[in-house]
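Student: I've got this one open and would like to talk it through. Could you take my questions one at a time?

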Amino acid sequence: MKYYHTALKGKFETHFPDPENIIDNFVDDMGNKIFTQDLMLEPLSKEFERCDAIYCEPPFPHGFKVFNERANKNYLSGYDMFCQRIQKIVFQELKNKRPLFMVTNKKLLSFLPYPHDSKPMLLNDNPETISVWNYKIDFDFITNYELISNLIQFDCIGDFCCGYGSPLIHFLKSGGKNIVGSDFDNKCITVFKDRLVQKEYLL
């Protein structure tokens, strides 16, 4: 079964856990922590302070609308406000001097400081751009998962738009030690929890 929380039709299945089993946070026996956080309403959680680097694949404008509907959210402020929230995170990471790897689109990038590095990358077979702050990429990669496999130089990475957790699961599967993940949809966190409980990264 392929897990990826996407607004694209046909490539991946959308998972809807039993409403009675939905959770808001979880810590596994290895210390990996995932939780619900709405970046439209609150700043980035202090839980991410333990991370050596941040990797994330924020939604594109169309996906933002789809994900809001799935999470039963109705943000009249829209995608521009979301971009402003991401902007604050990037400026904070510049102060922290912590490596930040982010899939960007033209709209989102217009809100952000100029990245220190950027590379073309395939994300679910689609050509996208990975923008990087506080780090210079010195290795070859083609896909997002190949990039993530090279991030095991960091002990712990975080993802504040984690969805079902596929990038973070791949980090662990590649030999990474720990992860921190958050998403504004607790259904995503519930699916991610099940994957950690099943120790999918060991399969």
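What follows is a chat about a predicted model, going from the whole chain to single residues.

Student: How many helices and strands are there in the chain?
Tutor: Remember that we're looking at a predicted model. From the N terminus on, the elements run β-β-β-α-α-β-α-β-β-α-β-α-β-α. Tally the chain and you get six helices and eight strands.

Student: What share of the residues counts as buried?
Tutor: The cut-off for buried is under 20% relative accessible area. The chain still exposes about 10200 Å², with carbon and sulfur atoms supplying 52% of that. Of the 203 residues, the buried share is 53%.

Student: Are α5 and α6 roughly parallel or roughly antiparallel to each other?
Tutor: Two packed helices are described by the angle between their axes and the distance between the axes. For α5 (residues 166–173) and α6 (residues 186–197), the axes come within 11 Å and cross at roughly 15 degrees. Angles under 35 degrees count as roughly parallel. So α5 and α6 are roughly parallel.

Student: Which residues of α6 make the contact with α5?
Tutor: The crossing of the two helices is right-handed. On the α5 side, the contact is made by Ser 166, Leu 168, Ile 169 and Leu 172. The residues of this contact divide into five nonpolar, one polar and one charged. On the α6 side, they are Phe 192, Arg 195 and Leu 196.

Student: How far apart are the C-alpha atoms of Ile 189 and Ile 23?
Tutor: Ile 189 is in helix α6, and it's buried because its relative accessibility is 0%. Beyond its sequence neighbours, Ile 189 is in contact with residues including Ile 23, Ile 34, Phe 35, Cys 162 and Ser 182. Ile 189 and Ile 23 are 166 residues apart along the chain, yet their C-alpha atoms are separated by 7.0 Å.

Student: Which helices do the buried residues of α1 pack against?
Tutor: In α1 (residues 61–70), the buried residues are Gly 63, Phe 64, Val 66, Phe 67, Asn 68 and Arg 70. Just after α1, Asn 72 takes a positive phi of about 60 degrees. As for packing, the buried residues of α1 go against α2 (78–96) and α6.

Student: Is Gln 37 buried or exposed?
Tutor: Gln 37 is in the loop between β2 (33–36) and β3 (53–56). Not counting residues up to four places away in sequence, Gln 37 touches Glu 42, Pro 43, Leu 44, Ser 45, Phe 48, Ser 182, Asp 183 and Phe 184. Its relative accessible area is 4%, so Gln 37 is buried.

Student: Which residues does Phe 139 contact, leaving aside neighbours within four places in sequence?
Tutor: Phe 139 lies in the loop between β6 (126–133) and α4 (144–149), and counts as buried at 15% relative accessibility. The C-alpha atoms of Phe 139 and Asn 150, 11 residues apart along the chain, are separated by 7.8 Å. The contacts are Leu 147, Asn 150 and Gln 153.

Student: What does Leu 94 count as, at 24% relative accessibility?
Tutor: Leu 94 is in helix α2 and is in contact with Pro 113, His 116, Trp 133 and Asn 134, leaving aside neighbours within four places in sequence. The C-alpha atoms of Leu 94 and Trp 133 are separated by 7.2 Å. Buried is under 20% and exposed is over 50%. At 24%, then, Leu 94 counts as partly exposed.

Student: Is Asn 124, with its positive phi, buried or exposed?
Tutor: Most residues other than glycine have a negative phi. Asn 124, in the loop between β5 (117–123) and β6, has phi near 55 degrees. With a relative accessible area of 12%, Asn 124 is buried.

Student: And what about Lys 97, buried or exposed?
Tutor: Lys 97 lies in the loop between α2 and β4 (100–104), and its phi is near 60 degrees, a positive value. Its relative accessible area is 68%, so Lys 97 is exposed.

How values were computed
Residues are numbered from 1 along each chain as its sequence is written. This is a predicted model: local features need pLDDT of at least 70, side-chain atom pairs count only at pLDDT 80 or more; totals for chains, interfaces and linings use all residues. Side-chain values use heavy atoms; hydrogens and water are left out. Axes are lines fitted to C-alpha atoms, for helices over the stretch in contact, and angles run from 0 to 180 degrees between N-to-C directions. Helices (H or I, at least four residues) and strands (E, at least two) are DSSP runs, numbered from the N terminus. Angles under 35 degrees count as roughly parallel, over 145 as roughly antiparallel, 65 to 115 as roughly perpendicular and the rest as oblique. A crossing is left-handed if the near helix is turned anticlockwise from the far one by less than a right angle, and right-handed if clockwise. Contact means heavy atoms within 4.5 Å. Ala, Val, Leu, Ile, Met, Phe, Trp, Tyr, Cys and Pro count as nonpolar, Asp, Glu, Lys and Arg as charged, and the others, Gly among them, as polar. Buried means under 20% relative accessible area, exposed over 50%, partly exposed in between (1.4 Å probe, protein chains only). Accessible areas come from the Shrake-Rupley method with a 1.4 Å probe; for residues, only the protein chains shown count as cover.
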